[in-house]
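Hi,

Here is the structure we talked about. Please open it alongside this note; my findings follow below.

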Amino acid sequence: MGKKKVTTQSGDVAKKEGATGAPVARTASAKKSHRVQEGKVYINATYNNTVVTVTDIKGNVLAWASAGSLGFAGPKKSTPFASTKVIAAITEKVQATGPKDVSIIVKGIGSGRDSAIRSLINNGFNVLSIKDATPIPHNGPRPTKVRRV
């Protein structure tokens, strides 16, 4: 165990006090929240889950949600119904500060990719472009040698 630090409260209070000497209370409005006009929506639809991430143009994450985080379990996570619920949760998170004009990047081959795009349009997002970023194997690694019995 090391030395114990002794802090004085007078130094801490002096930094947080206002002009009147009363402690300054931090509020939620003191936090800067700026309105984002344009952003990107990344939809990762796999066989097991659907993950949706909303970012601004630079790539800073504004909100994210997945079917598993909403309480869907097992094979229900990859259904189209679960992906519409994920988009509804994302819309709720970003309706105050989030973008209205979005570019959609879809990745994966799950069953929730089409319904996620449709529900984005139905929830009031203005879709600028849709891009498919699904990785495609180009021949892949060398196959194993033939088994001889």
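A residue counts as buried when its relative accessible area is under 20%. F72 has 19% relative accessibility, so F72 is buried. Keep in mind that this is a predicted model.

**Overall fold**

The chain has three helices and five strands. Their order along the sequence is α-β-β-β-α-β-α-β. Of the 149 residues, 29% are buried. The accessible surface is about 11200 Å², and carbon and sulfur atoms hold 55% of that. Among contacts with a separation of 6 or more, 62% join residues 24 or more positions apart.

**Aromatic rings**

Back to F72. A pair of aromatic rings is described by the distance of the centres and the angle of the planes. The count here comes to one aromatic pair. F72 and F81 form that pair. Their centres lie 6.1 Å apart, with 80° between the planes. The arrangement is edge-to-face.

**Charges over rings**

Two lysines are worth a look. K93 lies over the face of W64, 5.8 Å from the ring centre. K100 has its charged end over the ring of F125, 5.8 Å from the centre.

**S83**

Is S83 buried or exposed? S83 is buried, because its relative accessible area is 0%. S83 sits in helix α2, which covers residues 80-94. Which residues does S83 touch, leaving aside those up to four places away in sequence? They are T50, G112, S115, A116 and S119.

Best wishes

Note on methods:
Residues are numbered from 1 along each chain as its sequence is written. This is a predicted model: local features need pLDDT of at least 70, side-chain atom pairs count only at pLDDT 80 or more; totals for chains, interfaces and linings use all residues. Side-chain values use heavy atoms; hydrogens and water are left out. Helices (H or I, at least four residues) and strands (E, at least two) are DSSP runs, numbered from the N terminus. Buried means under 20% relative accessible area, exposed over 50%, partly exposed in between (1.4 Å probe, protein chains only). Contact means heavy atoms within 4.5 Å. Accessible areas come from the Shrake-Rupley method with a 1.4 Å probe; for residues, only the protein chains shown count as cover. Rings of Phe, Tyr and Trp (its six-membered ring) pair if their centres lie within 6.5 Å; planes under 30 degrees apart count as stacked, over 60 as edge-to-face and the rest as tilted. A charge sits over a ring if NZ of Lys or CZ of Arg is within 6 Å of the ring centre and within 35 degrees of the ring normal.
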